[in-house]
Amino acid sequence: MTSALDTSYDAIVAGSGPGGAAVARELAMGGARVLILEQGGAAPLAGTVTQMARMAAIPGKGAFLHSDGSLLVQGITAGGSSAVNFATAAAPPLALFAAYGVDLAPALAALRAQLPIAPLPDALIGPMATRIMAAARASGLDWHKFDKMIRAPACRAGCWRCAYGCPFGAKWSARDFLDEAARHGARLVDQARVLRVVLEDGRARGVEVVHGGRTHTVAAPLVVLAGGGIGSPRLLHNSGLAPRRSPFFSDPVVAVIGTADDIDGGAEVPMAAGLRLDDEGVTLADMTLPGPMYQAFALQAGRVDRVGAHRRSLTVMVKIRDEIGGSVGPHWVNKHLRAADRAKLDHGIGIARTVLAAAGARKLFQTHHFAAHPGGSVRIGAGVDSDLRTRAAGLYVCDASVIPQAWGLPPTLTLLCLGKRLGQHLSAQSLSVFRA
Ligand SMILES: Cc1cc2nc3c(=O)[nH]c(=O)nc-3n(C[C@H](O)[C@H](O)[C@H](O)COP(=O)(O)OP(=O)(O)OC[C@H]3O[C@@H](n4cnc5c(N)ncnc54)[C@H](O)[C@@H]3O)c2cc1C
């Protein structure tokens with residue numbers, strides 16, 4: 001039988017997170033023969049801590065320790081980080097993208113009609129999120145339910161598995177779009193690590209990819225890099241199209257935690273509700289996580305006395321819009337907080353402590369910062385143009401790396417909009433242009 005890597009395609013998409021899955025789906029629906037290459041695995045999501053750790057905790061792949069001791073995590077699997085993310089949906093800031101010549105309004109309207117985007121019904125909001133929301137509102141804060149990408153009828157109250165990868169099909173992930181792309185003929189090859197783009201006369205001709213212990217060269221006149229905020233700048237560098245180091249943002253987070261003796265919980269959807277201070281670049285939300293993740297937080301903060309308090313611990317997440325800096329390098333990722341970032345975190349931590357105290361929590365502590373939104377490393381206006389095209393013909397980038405400015409928002413819905421827009425743009429151009 002011919003292997004998927006022994007033939008040529010109209011388009012190759014390298015990476016299968018939200019950006020890659022959205023563009024692959026759109027291209028496949030437009031009739032293109034599409035190959036999606038993903039370095040992670042595509043086993044069904046099991047919702048277990050061991051599977052999640054394989055996807056997002058392997059050092060140097062899913063987890064990167066910075067020299068200041070902070071951690072950056074990402075999902076290395078079919079669907080990318082969306083497989084393990086918290087499913088919070090934020091609309092793209094349309095004016096920000098319009099300033100770069102990118103109109104995301106049509107894609108947003110279409111996606112809103114297709115995707116399960118809505119706040120959770122009260123029955124699915126856990127007791128900890130409810131307690132935190134009531135305390136925040138009593139403190140005069142505009143704490144409100146967030147939109148989630150969750151199919152409420154399939155979601156189970158008292159379940160905690162979504163943070164590990166929802167096995168019940170309730171949480172939307174980019175795997176849903178990969179499945180749709182496959183129904184339109186796209187082929188997904190997992191455990192396939194793209195090494196570089198093959199270029200001839202300044203034009204993309206395909207990719208070099210390692211799969212099954214062999215290096216293959218697969219031809220296509222159109223290549224879309226969608227390896228995420230860390231993967232795509234590395235692929236461009238390996239292809240001779242980007243510098244060795246690319247600065248980036250990561251939206252650092254601190255978890256502020258306290259114990260309330262009159263609550264018994266610990267199993268609920270995280271980020272059900274929160275507070276967005278967009279002008280200040282600070283977001284707060286409830287963040288009840290499964291026991292092992294909570295215990296890792298307590299240990300990281302040196303609070304051995306709190307390790308056993310998971311079911312009684314209220315957690316508020318403080319996330320900030322950090323300045324672009326640090327560097328994604330060929331074999332490392334490193335970024336430190338600047339003074340302005342530290343001030344934003346401190347501001348948010350102060351609010352979180354007020355909310356937790358109002359919720360009846362005591363013995364408050366906070367974690368070191370960590371991050372899960374690498375992006376801005378191949379920015380629109382710098383690494384790609386407003387059509388997400390690189391300086392090589394036929395080579396595009398579509399993932400969090402193209403976000404043009406410091407960010408601070410849940411990126412998934414924005415990346416789906418970018419992917420849909422790019423897929424439609426390329427389909428409209430007619431793939432015959434690239435076959436020439
Ligand atoms: C714990 C956690 C919670 C989060 N919560 C939210 C949330 O609630 N809402 C939200 O909007 N966002 C959330 N995010 C962030 C969001 O999921 C990511 O920003 C988003 O998935 C990024 O999409 P992307 O298209 O840039 O690619 P990614 O999701 O980063 O996927 C890129 C894929 O490309 C693959 N790849 C990279 N290099 C190569 C290569 N050389 N060859 C082959 N494959 C390659 C990777 O293995 C990966 O699977 C969260 C993230 C995490 C980790």
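Predicted model: local features only at pLDDT ≥ 70, side-chain atom pairs only at ≥ 80, totals over all residues.
View 1. Where they touch, domain 1 supplies 17 residues and domain 2 supplies 21. On the domain 1 side of that contact, you'll find nine nonpolar residues, five polar ones and three charged ones.

**View 2. Helix H4 meets helix H10.** Here we zoom in on H4, residues 105-114, and H10, residues 412-429, which pack at an angle of about 110 degrees with their axes 9 Å apart. That angle makes H4 roughly perpendicular to H10. The crossing of H4 past H10 is right-handed. From H4, look for Ala107, Leu108, Ala110 and Leu111; from H10, the contact residues are Leu413, Leu416, Cys417, Lys420 and Arg421. Sorted by type, the residues of this H4 and H10 contact come out as seven nonpolar, two charged and no polar.

**View 3. An open sheet of three strands.** The order across this sheet is E9-E10-E11, and the pairing is antiparallel. Strand E9 (192-200) and strand E11 (214-219) each have a single partner strand, so one side of each has no neighbour in the sheet. On average, neighbouring strands here are turned by 25 degrees against each other, direction ignored. Follow E9 alongside E10 (residues 203-211) and you can trace eight bridges, in the antiparallel sense.

View 4. Reading across, the strands run E8-E2-E1-E12-E22, with parallel pairing. The edges belong to strand E8 (187-189) and strand E22 (395-397); each has a single partner strand, so one side of each is left without a neighbour in the sheet. Neighbouring strands of this sheet are turned by 20 degrees against each other on average, again ignoring direction. Strand E1 (residues 11-14) and strand E12 (residues 222-225) share four bridges in the parallel sense. To get your bearings on this pair, find Ile12, which stands opposite Val223 in E12. Helix H1 (residues 18-29) packs on the sheet, touching E1, E2 (34-37) and E12. The direction of H1 makes about 165 degrees with that of E2.

Notes: Residues numbered from 1 in each chain as written. Axes fitted to C-alpha atoms, helices over the stretch in contact; angles between N-to-C directions. Helix = DSSP H or I, 4+ residues; strand = E, 2+ residues; numbered from the N terminus. Parallel < 35°, antiparallel > 145°, perpendicular 65-115°, else oblique. Left-handed = near helix turned anticlockwise from the far one by under 90°. Contact = placed C-beta atoms within 7 Å. Nonpolar A, V, L, I, M, F, W, Y, C, P; charged D, E, K, R; others polar. Pairing = 2+ DSSP bridges.
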